[in-house]
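The sequence and the structure come before the discussion.

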Amino acid sequence: MATTPGTEVQHNEAASRYEILVDGQLAGVADYTVRGDTVVFPHTEIDPSRRGQGLGAVLVQGALDDVRPTGRKIVPSCWYVAQFVDENPAYADLLVT
């Protein structure tokens with residue numbers, strides 16, 4: 001999954017979320033629900049003390065890169081996920097049409 005120095009994005013399937021860790025510490029989450037062949041992303045949050053460092057983009061990219069090989073489509077209910085896809089058209093093919 002996507003990483004930058006000191007960061008790691010991991011899939012916490014038991015909690016239905018993707019997590020970004022910075023130096024081993026949880027810095028943010030992207031919650032999701034699976035509905036058949038669709039993954040809905042309703043909420044993404046970065047710890048307030050970590051905002052402004054680009055971690056949200058790293059988290060969402062990691063999540064979408066993990067969803068892509070499953071063949072599922074996404075519904076970006078979270079404004080940040082929707083904005084990320086708008087700004088990164090390489091992910092537009094993942095959108096439910």
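In this predicted model, arginine 68 and aspartate 93 form a salt bridge, and their closest N and O atoms are 2.6 Å apart. The pair joins distant parts of the chain: arginine 68 lies in the loop between α1 and β5, aspartate 93 lies in the segment after α2, and 25 residues separate them. Arginine 68 has a relative accessibility of 31% and therefore counts as partly exposed. Aspartate 93 is partly exposed as well, with a relative accessible area of 40%.

How many salt bridges does a search of the whole structure find? The search gives two. Arginine 17, at a relative accessible area of 22%, is partly exposed.

The strands come next. Five of them form an open sheet in the order β1-β2-β3-β4-β5, and the pairing is mixed. The edges are β1 and β5 (73-75), each of which pairs on one side only. On average, neighbouring strands of this sheet are turned by 30° against each other, direction ignored. Strands in a sheet pair through backbone hydrogen bonds, in a parallel or an antiparallel sense. For β3 and β4 (residues 38-46) the sense is antiparallel, with seven bridges. Arginine 35 has threonine 38 in β4 as its bridge partner.

Two loops of the sheet region hold residues with a positive phi. Serine 16 is located in the loop between β1 (7-12) and β2 (17-22). Its phi is near 50°, a positive value in a residue other than glycine. Serine 16 has a relative accessible area of 31%, so it is partly exposed. Aspartate 23 sits in the loop between β2 and β3 (25-35), and its phi is also positive, at about 50°, although aspartate 23 is not a glycine. With 62% relative accessibility, aspartate 23 counts as exposed, because that class begins over 50%.

Helix α1 covers residues 55-67. Its 13 residues should span 18 Å at 1.5 Å a residue, and the end C-alpha atoms are 18 Å apart, so the two values agree. The buried residues of α1 are Leu55, Gly56, Val58, Leu59, Val60, Gly62, Ala63, Leu64 and Val67. What covers these buried residues? The cover includes the strands β1, β2, β3, β4 and β5, together with α2 (79-87).

Which residues of α2 are buried? They are Val81, Phe84 and Val85. These residues cover an arc of only 95° around the axis, so they lie on the same side of α2. An α-helix has 3.6 residues a turn, so residues three or four places apart point the same way. The face of α2 turned away from the buried side carries the exposed residues Trp79, Asp86 and Glu87. The cover over the buried residues of α2 includes β4, α1 and β5. Helix α2 in turn is part of what covers the buried residues of α1.

Methods
Residues numbered from 1 in each chain as written. Predicted model: local features only at pLDDT ≥ 70, side-chain atom pairs only at ≥ 80, totals over all residues. Heavy atoms only, no water. Helix = DSSP H or I, 4+ residues; strand = E, 2+ residues; numbered from the N terminus. Buried < 20%, exposed > 50% of the residue type's maximum accessible area, 1.4 Å probe, protein only. Pairing = 2+ DSSP bridges. Axes fitted to C-alpha atoms, helices over the stretch in contact; angles between N-to-C directions. Expected span 1.5 Å × (residues − 1). Contact = heavy atoms within 4.5 Å. Arc of directions from axis to C-beta. Salt bridge = Lys/Arg side-chain N within 4 Å of Asp/Glu carboxyl O.
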